[in-house]
Protein chains: 4
Amino acid sequence: MSAFKRKIRYGMVGGGQGAFIGAVHRMAAAMDGQLELVCGAFSSDPQRSLDSGAELFLKPERCYATYQEMMEKEAALPADERMEFVSIVTPNHVHFPAAKAALEAGFHVMSDKPATLDLAEAKALAQIVEKTGLLYGLTHNYTGYPMVKQARDMISAGALGTIRKVVVEYPQGWLATKLEDTGQKQAAWRSDPKKSGAAGAFGDIGSHAENLAEFISGLAIAELAADITTYVDGRLLDDDGNVLLRFEGGAKGVLHCSQISVGEENNLNIRVWGEKGGLEWHQNAPNTLLVKWSDKPAEVYRRGAGYLSPHAAAATRTPPGHPEGYLEAFANLYKNFANHIRAVVDGIDPDPVSMDYPQIADGVRGMAFIEAVVASSKANAAWTKLDL
Amino acid sequence: MSAFKRKIRYGMVGGGQGAFIGAVHRMAAAMDGQLELVCGAFSSDPQRSLDSGAELFLKPERCYATYQEMMEKEAALPADERMEFVSIVTPNHVHFPAAKAALEAGFHVMSDKPATLDLAEAKALAQIVEKTGLLYGLTHNYTGYPMVKQARDMISAGALGTIRKVVVEYPQGWLATKLEDTGQKQAAWRSDPKKSGAAGAFGDIGSHAENLAEFISGLAIAELAADITTYVDGRLLDDDGNVLLRFEGGAKGVLHCSQISVGEENNLNIRVWGEKGGLEWHQNAPNTLLVKWSDKPAEVYRRGAGYLSPHAAAATRTPPGHPEGYLEAFANLYKNFANHIRAVVDGIDPDPVSMDYPQIADGVRGMAFIEAVVASSKANAAWTKLDL
Amino acid sequence: MSAFKRKIRYGMVGGGQGAFIGAVHRMAAAMDGQLELVCGAFSSDPQRSLDSGAELFLKPERCYATYQEMMEKEAALPADERMEFVSIVTPNHVHFPAAKAALEAGFHVMSDKPATLDLAEAKALAQIVEKTGLLYGLTHNYTGYPMVKQARDMISAGALGTIRKVVVEYPQGWLATKLEDTGQKQAAWRSDPKKSGAAGAFGDIGSHAENLAEFISGLAIAELAADITTYVDGRLLDDDGNVLLRFEGGAKGVLHCSQISVGEENNLNIRVWGEKGGLEWHQNAPNTLLVKWSDKPAEVYRRGAGYLSPHAAAATRTPPGHPEGYLEAFANLYKNFANHIRAVVDGIDPDPVSMDYPQIADGVRGMAFIEAVVASSKANAAWTKLDL
Amino acid sequence: MSAFKRKIRYGMVGGGQGAFIGAVHRMAAAMDGQLELVCGAFSSDPQRSLDSGAELFLKPERCYATYQEMMEKEAALPADERMEFVSIVTPNHVHFPAAKAALEAGFHVMSDKPATLDLAEAKALAQIVEKTGLLYGLTHNYTGYPMVKQARDMISAGALGTIRKVVVEYPQGWLATKLEDTGQKQAAWRSDPKKSGAAGAFGDIGSHAENLAEFISGLAIAELAADITTYVDGRLLDDDGNVLLRFEGGAKGVLHCSQISVGEENNLNIRVWGEKGGLEWHQNAPNTLLVKWSDKPAEVYRRGAGYLSPHAAAATRTPPGHPEGYLEAFANLYKNFANHIRAVVDGIDPDPVSMDYPQIADGVRGMAFIEAVVASSKANAAWTKLDL
């Protein structure tokens, strides 16, 4: 337990009325009772920001018209009142400037992914993070699932032997028609290159798949050959794509993702095979990890069981049999981030468990992946290295 | 939205350090940002109550030594400070006196199940609830799952035709050995008749199964024939049992539950068949409802989809593909309860959705079920009616 | 390998045009190339018997008008021409007289289940089998599945410890309406007490569930309490029922089966729990056996794997990954029966594997079960012992 | 029914003692009672051929030392004795010469896949088939599954709209170590380029995946980019590979297969998405086809149900609930082939259902696919067209 007995205060950029991911961040942050939302710049429309804050029971004076105003005014508040970190839950193009402003104003940052609009921004942000010495978390939330941590920990402990192959996939179907023309807000900005960046599906979910594959396998993608497609007429960004992967050290794999796979929800799946065993995890049944062997029965690892790794054990709130899901996984990022902040405030070394959340290095890799995918595809799936 | 823009304040009885369900209630209450824990009598040990409250960032003066003290002192606080409802998360034997004290002090109550230690208490409690006119919620949390609501709503709309058969089961394995002798707190009170009541497994999980079966089918159990067993030597209460069910109106069914089914987590499952169709729901895959027909393919209903009933649609926080689980279902009870309180405070009729949480009538039925099971089994599985 | 290098010849009683189970027996018998159908009394209608035989490429002179004629004429053929055993695939009421006739004419018998129309016949048949010393197989085909054998073998080896609980169920939905009034042949005789016996669903599928439960658990049902129902108006026999089970030695359980569970195919499932572990098997995914433990991950046993018991290993034809199903399981009974006959012809002791098929003792137990169910239900689910 | 009332006679090339696929062909051919094995050249070792035939109850004079001898001597037999078609179940390098010999001797051919050792042979064989006018079947057996036919028929009827994406995969794990060095016969020839051809995994299972993808989608692969690998040191052929696909008309996809994916059996899976819906089929649960829609629940299509297409309905032997598997699917190829031969013998137009089995055109495409994969991979995954 931290030496100080109070909730940590945070503010939010984005996430006003009608947004999706802002509410997710707030529920994730609220779940464990460690964090308190104290202010926000919820919308680029000042009235909407005010109205959004009112629904969240915030005082009007802490509902800001812009993130710039929020950074300035919060910084001017007494230390025991002002926010301690900022959650950035805007469309992609605001991630970098908002994070930069927050860090430079002295606030830790928890940002939605991808880290920035392009790779250059990500590299710049990494320098800012390093320079300020502040904490930066990135909500590649799937790594918050306990069975994902278990998979990573088994592989890093050598249980599967040298890894040979990774297949990761993330099919969705919600953009199978031109939803962005109907006023659907989520679809609109995601298909707008100015707000989403160089990639559509790959910026939104392909980078999750990349992050998950590298997290679990412990391997870095070295080069890739990508064939990405825009199936829906008139759409400005990719809505589907298939990628051959080559990892450092010789493993290979496949990554494919889609937003036009009708009937799919968030079908994020990963399979990894090593010389001695294999494993698979499915986001739609996240409490289970199937581990496979050559000479004995496959094993069904389950969240909450007594045999899990310390990281996996710490990433759950209830005994086996109480299904945990997306919000709990998301909350695990916030929980670790909060504990990390507590250690910083307490001036002690953080528990390794509390440092187990995606950080700026993941953000840079993600942006390098996205740009490599786009470049490879433009070159007719030529092998392209990640520019790191 | 409610006319008043603040969180609703609540206090907790039980749920101190080392407890399980108290933390569940707190996470469920916190998730939607509508409720604020302001006080508690977390333990019968005053110091433990204080320490528990400190971990929850409560002020020492609002960490009470007893629930009686809490009712008295909170009632004496100004209206805009004092708690507005009480969460009771103690072992069963405290449910009734704590609820009675809270209601009589003017506080709404959200209680863990079963409602009371025995049926007589439950009937008495029902009278107190009626007399005070206050709200009483009972955390038969499985009815909070959106696909459970969908099942109920499809059946009540006649989609399956007249219901013929219900099979409900709740096997667990955690008490396959004499865990209560090892100091495990959860096992200890659950196997102690003074704290748990006349039944062990049936008090703990059998009543969940009963509640779920009646909730989904819309049918009331009329009589039952039960064969319950204590498999573990020296245990004082049942740890397993099988029950034949007859419902009002002619449907029949089976209910079985167990705490000695090695390897089972919370394997609560229900299947219902009517003249025109059938459905099944599994708590370990709670985002899916399988609906079966005689002359066309079975259908896979999914949480968050656009075709769900209003109650099911309201009971979810994220689009399809973001698995929701136990805590979200639990939170749905608190969300509806909170909205119901807001309507009461606003002096308006509550939205029917906000009234969709288990109440005292469910509690009385649950206790009648438990007593009928015990009585039937003592009479060698003689048919026994519920005493209502 | 047997010393003689030829197929074993068999004849068939029943199974003419329009029948279901006769074709199943023929496919099962043909699959392994060990058996040759040489004659039949396929129908009580002589022309239909002839036509049916023609479709099976039999000579007209070996398509008989009655089973009596078949027994007589085949017995008169030279030893190297005449059939060596008889497959009985008629409605239930013909099982006993045809088996009796075959045995008394010197032919081994493979009979569809249940063994006879009532328990008295079954006991009489057991005496005839014993007296003649001939082989009698009963197609409780589900015991032919390799993973069912694996389950039995693990339990008999003590892997799960002392068995405590058995839950077996067999819901079907095909008789949810009065199909027998539409001319559907399978429905017609099964719902006719003169042809089906004292029970409908329990004669057809309940006895399969009973047989499977006893086979896998190694335990004998001692007494039961049954509540059986006829849901469809005007139907003469039960189409659903729920049964509490007590086994010799103290284990308990539940058996329920149904033909009115709309949307269910042949959803035969069994779960068994012992002091140390549990297992479950589902007929709709028959190549898998899930084995569960208290302190380590559940294990997924798979047909064809190298770690299976000798009986399970012998009951399969292909390596893992080539799904085997109902016909292969059925064929396993014929394969073992054929090998048993070869041992008899060779005059050697049969391999224990070849004796692993249901025999007359299973038939007697099955009839005792059916009669106990009917008697118990008539007595309002009074506990009733099996009359053995 | 055919006008002639006898079984069709066939001979076998390969499939002697110790072989795997020969027994599969024999069981598949035997299952429906339409075919009779009358002769064979089971092994290149004459004594082994004789011994193998004896186990199959064949006369010694019809167990030949070579397939050449078999063609010659069978052709010289009276028309009502000699075989009518030849099953070729040898390693790949014998497929072409044996098929050529059979066709030129006037016999229809059913061959195991891939059709030949290389593409040139396949094209030559296509000319021989055309010239002789005889029937040629190729056991791409997965297309024999009823739910695979249902998938194809739904797509060809436009149920899913224009197809956009196909993902097909076939991971196995049995060659994760150098099994070919242990004397394991199946591994030995498959990893020998002289017997297997230019590809290992892709010749054995990759071509199945290609065939299935084209069969179900109704689309022809136009070009591909392949990255294939030999993971096991010293192995002479690929044991894994990942392929980007582009189909005629603009659909795209991914194909990956593996023999080093530890713990995988025959995990052949396919998913197809069109503009209006998607579907998926898994060989390890072959009786189910999941069909997905954007605006209504996914549907679970089941083998044997009343709503299936004529081809799917004809490809099954039992009602729903009786799992059918690999052998039944394989048998469907033989059943259709047999019915096609009957039509030829009867001199009538064959029923379209009976023509629904893979033929030489599939064989040519398969070989073109294999060669394209190898060529592309040698060119570092350069896009490569199928040479047709």
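I looked up one salt bridge to begin with: Glu264(D) pairs with Lys292(A), and their closest N and O atoms lie 2.3 Å apart. I counted a salt bridge when a side-chain nitrogen of Lys or Arg is within 4 Å of a carboxyl oxygen of Asp or Glu.

I note that the model is predicted, with local features needing pLDDT of at least 70, side-chain atom pairs counting only at pLDDT 80 or more, and totals for chains, interfaces and linings using all residues. Residues are numbered from 1 along each chain as its sequence is written, chains are lettered from A and ligands numbered from 1 in the order in which they are written, and side-chain values use heavy atoms, without hydrogens and water.

**Chain D with chain A**

I found ten salt bridges across this interface. The polar contacts come to 28 residue pairs, both residues at pLDDT 80 or more; such a contact is a pair of N or O atoms within 3.5 Å, where within protein one must be able to donate a hydrogen and the other to accept it, and residues adjacent in sequence count only if both atoms are side-chain atoms.

I saw 46 residues of chain D in contact (heavy atoms within 4.5 Å) with 46 residues of chain A. The buried area is about 3,300 Å², with 49% from carbon and sulfur atoms; this is the accessible area (1.4 Å probe) that two parts lose on being put together, summed over both.

**Chain C with chain D**

I then turned to chain C, of which 34 residues are in contact with 34 residues of chain D. Together the two chains bury about 2,900 Å², 66% of it on carbon and sulfur atoms. In chain C, Phe57(C), Glu265(C) and Pro323(C) lose the most area to chain D, together 24% of what that side buries.

I found two salt bridges across this interface. Arg302(C) forms a salt bridge with Glu265(D), with 2.6 Å between the closest N and O atoms. The side of chain C that touches chain D holds 15 nonpolar, nine polar and ten charged residues.

Definitions and conventions: Nonpolar A, V, L, I, M, F, W, Y, C, P; charged D, E, K, R; others polar.
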